Amino acid sequence: MAQRNRNNKGIGDTVKRGWNSKPAAIGAIVVVALVVIVVLLSTLLGVFAPAKNDGQGTTSKAAPTQSAAAAAGGPCNVRVMDRSTTPRIPADLTWKTGKEGLTWPVSKSVGPTKTISGFNACFARSPLGAALAAQNAIYSQYDTNHGVTAALNFYIADSKGKAANVEGTAKSSDASQVRAAGMNPAGFTVDSFTKNRADVTLVYSNPSTSTGYVGIACSVQWVDDDWKLSVLDNGELSSGNPTTPSEGDFISWGGNTQ
């Protein structure tokens, strides 16, 4: 997958110089397109712009802790059918619809398989289960059944950076902006996997990139019998830049006709 580096310094000057020559104009257009992508990705769980923790804390009511939620719903015990890091998409994969018509993949056999404290939960302890859990955690902010803060508090593992991520995402979450940009879950890659942690890249359709796709790296960890999204201590989802995979470089969810 090709990396695309971010450089927001001097954007105005770059664009201004761009109209003086054809090569420079092309470069300027690429820069502007990249800025648009960065802005859109910042709405997806604070990828590049989480709120800074000012030490004041948040006043919003948190969802039940993961231990309490697991105890209330009981063990997930989802049967693992496929342990491959290049798994086959299950036949029962469907699409859940949220705000502004945004959709994301779900599977009755891989996850979510239960409802805990009103939230869809319980994913298979497998590479595919980890990828589905990560995608569901990020798109939980667009679930019409819950507020953004409550959903993210449930799906993100407790950590130093959790509060900053939840606060920043709640402020920037904009389903209409994501919808207008044509960003939809397209697929994933499993970059590493153990029984307690998985690193995945979630791939989205995005007409603004050279390949028509953009990849966002993230991690999940196994906490209290389920996968929870793991964020960095500074509140960011990932320390890496987005990638621009081509079709065939990732496992397609399939079936999304948006």
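This is a predicted model: local features need pLDDT of at least 70, side-chain atom pairs count only at pLDDT 80 or more; totals for chains, interfaces and linings use all residues.

Biologist: Which residue in the hairpin of strand 8 and strand 9 takes a positive phi?

Modeller: Two residues lie between the strands of this hairpin. The one with a positive phi, near 50°, is aspartate 224.

Biologist: And how many bridges join strand 7 to strand 8?

Modeller: Strand 7 spans residues 197-205, and its serine 205 stands opposite tyrosine 213 in strand 8. Strand 7 and strand 8 run antiparallel, and the bridges joining them number nine.

Biologist: Is strand 8 largely enclosed or largely open, and how many of its residues are buried?

Modeller: Strand 8 takes in residues 213-223, which makes 11 residues. It is largely enclosed by the rest of the structure, because the count of buried residues is nine.

Biologist: Let us move to strand 3. Which of its residues are buried on each side?

Modeller: Strand 3 runs over residues 103-107, and five of its five residues are buried, so the rest of the structure largely encloses it. Both of its faces are covered. One side has Thr103, Pro105 and Ser107, and the other has Trp104 and Val106.

Biologist: Which residue stands opposite proline 105 in strand 3?

Modeller: Strand 2, residues 93-97, is joined to strand 3 by five bridges, and the two run antiparallel. They form a hairpin with five residues between them, where glutamate 100 in the turn has a positive phi of about 55°. Opposite proline 105 stands tryptophan 95.

Biologist: Now the helices. Which residues of helix 5 are buried?

Modeller: Helix 5 covers residues 148-155, and six of its eight residues are buried, so it is largely enclosed by the rest of the structure. Those buried residues are Val148, Ala151, Leu152, Asn153, Phe154 and Tyr155.

Biologist: Are helix 5 and helix 6 roughly parallel or roughly antiparallel?

Modeller: The axes of helix 5 and helix 6 (residues 162-172) come within 9 Å and cross at roughly 150°. Angles over 145 degrees count as roughly antiparallel, so helix 5 is, relative to helix 6, roughly antiparallel.

Biologist: Which residues make the contact between helix 5 and helix 6?

Modeller: Helix 5 passes helix 6 in a right-handed crossing. Helix 5 brings Val148, Thr149, Leu152 and Asn153 to the contact, while helix 6 brings Lys162, Val166, Thr169 and Ala170.

Biologist: Is tyrosine 155 buried or exposed, and what is its relative accessible area?

Modeller: Tyrosine 155 has its place in helix 5. Leaving aside residues up to four places away in sequence, it touches Phe119, Asn120, Ala137, Ser140, Lys228 and Leu229. Buried means under 20%, so tyrosine 155 counts as buried, with a relative accessible area of 9%.

Biologist: Finally, the overall picture: what percentage of the residues of the protein count as buried?

Modeller: The protein has seven helices and 11 strands. Its accessible surface comes to about 12000 Å², with 50% belonging to carbon and sulfur atoms. Of its 258 residues, the share that count as buried is 48%.

Conventions. Residues are numbered from 1 along each chain as its sequence is written. Side-chain values use heavy atoms; hydrogens and water are left out. Helices (H or I, at least four residues) and strands (E, at least two) are DSSP runs, numbered from the N terminus. Buried means under 20% relative accessible area, exposed over 50%, partly exposed in between (1.4 Å probe, protein chains only). Accessible areas come from the Shrake-Rupley method with a 1.4 Å probe; for residues, only the protein chains shown count as cover. Two strands pair if DSSP finds at least two bridges between them. Axes are lines fitted to C-alpha atoms, for helices over the stretch in contact, and angles run from 0 to 180 degrees between N-to-C directions. Angles under 35 degrees count as roughly parallel, over 145 as roughly antiparallel, 65 to 115 as roughly perpendicular and the rest as oblique. A crossing is left-handed if the near helix is turned anticlockwise from the far one by less than a right angle, and right-handed if clockwise. Contact means heavy atoms within 4.5 Å.
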